[in-house]
Amino acid sequence: MRYISDKTLPAPIFRGHHLICLHFYNGEGYNADYIEHLSNILIMAEKGAIEICEGADCICTKCPNLCENNCAYYENAETDIRRMDAAALELLKLTPGMSISWMEVRQKVERIFQDWNRMYCKDCNWISACEKSAGFRNLISE
Ligand code: SF4
Ligand code: SF4
């Protein structure tokens, strides 16, 4: 995989559900560009603070499902995804506009993961990818 320098990366700004789901990323994604971008963003995130936004974030910008700044993963996906974002932020006790370290987010995710798993993971199209993550398997077995 080719990594690009920090200077060329956008600031790591994440929407709510990405604050949870990305901790279980294992290199799978929609296409090669998206995977490379996501991998680079996560390297940046691990180094320090990230910011929280509403709606499309720095991961969505390289996603083939983003259409006019809305998630078009399926019909009316943006509405569902925003609801998911709001649920994630409520569980994590975070709000758009906040800045926080990725490590701190991870600690919060560990505390709330049982609830998130119950609410979203069972019906998620990406569960087989997340199940490859040891962190995911550990948290659901707690
Ligand atoms: S556009 Fe939708 S499917 Fe793509 S990364 Fe954003 S939320 Fe996920
Ligand atoms: S299974 Fe889906 S909802 Fe659950 S953490 Fe993975 S991507 Fe997120």
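This is a predicted model: local features need pLDDT of at least 70, side-chain atom pairs count only at pLDDT 80 or more; totals for chains, interfaces and linings use all residues.
User: What share of the contacts between residues at least 6 apart in sequence join residues at least 24 apart?

Analyst: For the protein, that share is 75%.

User: Next, the sheet. In which order do its three strands lie?

Analyst: When reading a sheet, look at strand order, then at pairing. This open sheet has the order β1-β2-β5, with mixed pairing. β1 (13-14) and β5 (99-101) stand at the edges with a single partner strand each, so one side of each has no neighbour in the sheet. Strand β2 (residues 49-52) runs antiparallel to β5, joined to it by three bridges; A49 stands opposite S101 in β5.

User: Which helix lies across β2 and β5?

Analyst: That is helix α4 (residues 102-119), which runs at about 80 degrees to β5.

User: I noticed P12 in the segment before β1. Is P12 buried or exposed?

Analyst: To judge burial, count the C-beta atoms around the residue; 20 or more within 10 Å is the cut-off for buried. P12 has 23 such neighbours inside 10 Å, so it counts as buried. Leaving aside neighbours within four places in sequence, P12 is in contact with I41, M44, A45, I50 and C58. C58 is 46 residues from P12 along the chain, yet their C-alpha atoms are separated by 6.2 Å.

User: Now the ligands. Which residues are around ligand 1?

Analyst: With a ligand, name the surrounding residues and then sort them by class. Around ligand 1 you find I59, C60, C63, N65, L66, C71, Y73 and I81. That shell divides into seven nonpolar residues, one polar and no charged.

User: And what surrounds ligand 2?

Analyst: Ligand 2 has I20, C21, F24, Y120, C121, C124, W126, I127 and C130 around it. By class, this shell holds nine nonpolar residues, with no polar and no charged ones.

Note on methods: Residues are numbered from 1 along each chain as its sequence is written. Chains are lettered from A and ligands numbered from 1 in the order in which they are written. A residue is near a molecule or strand if its C-beta atom, placed from the backbone, lies within 6 Å of it. Ala, Val, Leu, Ile, Met, Phe, Trp, Tyr, Cys and Pro count as nonpolar, Asp, Glu, Lys and Arg as charged, and the others, Gly among them, as polar. Two strands pair if DSSP finds at least two bridges between them. Helices (H or I, at least four residues) and strands (E, at least two) are DSSP runs, numbered from the N terminus. Two residues are in contact if their C-beta atoms, placed from the backbone, lie within 7 Å. Axes are lines fitted to C-alpha atoms, for helices over the stretch in contact, and angles run from 0 to 180 degrees between N-to-C directions. A residue is buried if 20 or more other C-beta atoms lie within 10 Å of its own, exposed if 12 or fewer, and partly exposed in between; C-beta atoms are placed from the backbone.
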